[in-house]
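Please load the model in your viewer and keep the selection tool at hand.

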Amino acid sequence: MDARAKSTTRRVAVGQALPHDSAHLHVCGTAAYIDDLPEPRDLLHVAVGMSTKAHARLVNVDLGDVLAASGVVDACLAADIPGVNNCGPIIADESIFAVDTVEYAGQAIFAVAAETVDDARKAVELAHIEYEELEAILDPILAVEKESFVLPSETIERGDPKKALAEAPHRLQRRLNLGGQDQFYLEGHIAMAIPEEDGGLLVYSSTQHPDEVQHLVAHAIDRPAKDIVCICRRMGGAFGGKESQAATIACIAAVVAVKTGRACKLRLDRDVDMIMTGKRHDFVIDYDVGFDDTGRIQGIDFMFASRCGISADLSGPVNDRTMFHCDNAYYLENVHILSHRCKTNTVSNTAFRGFGGPQGMFAIEYAIDDIARTLGMDPLEVRRRNFYGIGERDVTQYEQKIEDNIIHDIVDKLEADADYLERRKAIREFNATSPVLKRGIALTPVKFGISFTATHLNQAGALVHVYKDGSVHLNHGGTEMGQGLFIKVAQVVADELGIGIDNIRLNASDTSRVPNASATAASSGSDMNGKAAQIAAAKIRARLTEFAARHFAVAEGTIDFRLNEVHVGDSTLSFAELVQLAWFDRVSLSATGFYKTPKIHYDRETFSGRPFFYFAYGAAVSEVVVDILTGEHRVIRVDIVHDCGDSLNPAIDMGQVEGGFIQGVGWLTSEELWWNEAGELKTHAPSTYKIPTCSDLPTDFRVQLLDNAANREDTIYRSKAVGEPPLMLCISVFHAIRDAIACTDRPLPDLQAPATPESVLRAVEGRNS
């Protein structure tokens, strides 16, 4: 029965700018993360012994001094794993502990359990490990030359790109080096494994994917999933870094807990976290683009070579998404895309906000910028010339028809609101008289597909309990990492039941309550979990409606749930009173909800179909000033118009847009990952790895959520995903920097990313070519 057809509620909570559900706890310091939880009696602390070599055979591992160290209780090697020595999320190709060969500097070889954190961390340094070093592949291009891949290379082709390139009036080529990015979440990786009676194991994990942790732990300790419960109330940030990588940490804690029979906690410190766990994929990108005199692309050939590390991890879908997003908002009639998934002797790279999409967009935006500068045109004019059309030129290279294109409207609005043309002219005048400080401006769009590209992952579950006093417990399969998912889903349930949000308690993500949940990723958390929770709440409201109609002898259509009250014909009673009456009449007040995203289908073999339910759009204008003597730069002003559909919570969405943009700016300007010739990551702390700070915010930061732009697809209250799409607005900052340093002598500066001061100077001096 569909309760919404039988009774009514009011939209009161949804659409309101409510604070994050844990905001008051964050401010007071009482929000409990895993390391804040009460520690069980006899808890052991775990530390990991890592490889110091990028590629080597393990000749001998001597843990004698480790076991003799103060406070040490035990140690675990690969031989101590009772089940499967694997933490690979899709392909079983990455060991929890190395067996006879290490493949990157930082790979786990063993773990130590001790009475204190300090005892464990000191003890791992006492191991005596003898290596026989092997050749290490540290560079994606070398991997391509040696045909070293974690997965087969993939190709998408449409039209006749070779012919189009050969016949194009203009043609240019470029190689780009695009850096990776560490997630740098405030809370590092952590897991606590607690043995329970009769072979059970309770795992607290800072993870975006409790279901995956549950199953990989079960495999590692050779027990069925029913014996493992994984719980996560909140994470102190994740950004994709805790989608697959958290399972390794949980598996280590679990293996040690099973061997010792005692609760075990593994918390990585910042340096170990950065050395041991995966990051955003860095890429080498080649493109060959042909275009006409107006700037319209006639044909383009892309080559993407990504550093995947030693195993597949999530590199398959990450690189697939790069291939799906190297069009961004542009129609590519003749296109060839070659994607290499390179195996290198570095940590296995993984998910990061955007999941390969940003790298694809970066490539096409650079090509568009090159075209404009070659023709002496405003890049915005070239962008418009190549935009997807409406009713024409509207099918992607993977054969999905774009039915919700609003990029023209967004860009028109932003251009006017930001005074783009006037400011561009003023900047040219400023630069003509300023020999050292140069200003630049750029406007770039975003079109980002929403859904997991693996169709089967687009499903979610929820569990709603209504207690006799009218209060509500809410569980769903999503995880809270600071992004505001929990408050959004609570707003949906509040309106579905017609109650205040204060009547709802949000519970931890728990595999024993909502099973088989997909990761909270792909920006789909609110879409899927919101719908699942709405369905569960609607079932309960339908039962209450049927009961009230029968009990009060009125038509169901006269029953109205609103503001903690239920209006039944001419009578009014509180929600709690109706619930009490229904309970007394033996009406079920608990329900599950299940949702699967409609319309999507995708053939992985042919890279064709409809992998995305819809697209989210946005655009940004960024203005910068650059000192061409030092390469230093500052973002002066940013104007953003972003499409959130009909926002579930404008305050949360605004924070996601602002935060995503700034995180992206860090990726393209300051966050540089650097490995030495031995394959050791040397940027593994805030002293050497520079994320943006408050002082890096634009002096003038103007963000608008697009009004009157309800999602054309039937999403939860016609909202749109907002987790990932805003990050790619940062590309405007990179091209504003490039605009600032372009001049008659260097019309196409070879600026590589990240655009650190050193990179800017190399471009100014022509040393990147």
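Begin by selecting Arg174, Asp369, Asp370, Arg373, Arg428, Arg738, Asp739 and Asp750, which are linked in a network of salt bridges, a salt bridge being a side-chain nitrogen of Lys or Arg within 4 Å of a carboxyl oxygen of Asp or Glu. This is a predicted model, in which local features need pLDDT of at least 70 and side-chain atom pairs count only at pLDDT 80 or more, while totals for chains, interfaces and linings use all residues. Residues are numbered from 1 along each chain as its sequence is written, and side-chain values use heavy atoms, with hydrogens and water left out.

The structure holds 53 salt bridges, and three further pairs can be picked out one by one. Select Glu115 and Arg262, whose side chains meet in a salt bridge at 3.3 Å, N to O. Glu115 lies in the loop between strand S6 (108–114) and helix H4 (117–123), and Arg262 in the loop between helix H8 (246–260) and strand S13 (264–267), so the pair ties together parts that are 147 residues apart in sequence; helices (H or I, at least four residues) and strands (E, at least two) are DSSP runs, numbered from the N terminus. Glu115 is partly exposed, with a relative accessible area of 40%, and Arg262 is partly exposed at 21%, where buried means under 20% relative accessible area, exposed over 50% and partly exposed in between, with a 1.4 Å probe and protein chains only.

Next select Arg604 and Asp320, which form a salt bridge with the closest N and O atoms 2.8 Å apart. Arg604 sits in the loop between strand S26 (601–603) and S27, whereas Asp320 belongs to helix H10 (residues 315–325), 284 residues apart.

Then move to Arg513 and Asp510, a salt bridge of 3.9 Å, N to O, in which Arg513 is partly exposed with a relative accessible area of 37% and Asp510 counts as buried at 11%.

For the rings, select Phe324, Tyr398, Tyr602, Phe607, Phe612 and Phe615, which form one aromatic cluster; rings of Phe, Tyr and Trp (its six-membered ring) pair if their centres lie within 6.5 Å, planes under 30 degrees apart counting as stacked, over 60 as edge-to-face and the rest as tilted. Within that selection, Tyr398 and Phe612 form an edge-to-face pair, 5.8 Å centre to centre with 85° between the planes. Tyr398 counts as buried at 1% relative accessibility, and Phe612 at 0%.

Not counting residues up to four places away in sequence, Lys447 touches residues including Tyr398, Phe615, His325 and Asp327, contact meaning heavy atoms within 4.5 Å.

Turn to the open sheet of three strands, ordered S5-S3-S7 with antiparallel pairing, where two strands pair if DSSP finds at least two bridges between them. The edge strands, S5 (101–102) and S7 (128–133), each pair on one side only.

Finally, colour by pLDDT, the predictor's confidence in each residue from 0 to 100: the protein averages 97, and 99% of the residues score at least 70. Over residues 1–5 the pLDDT is below 50. Where pLDDT is low, the predicted coordinates should not be read in detail.
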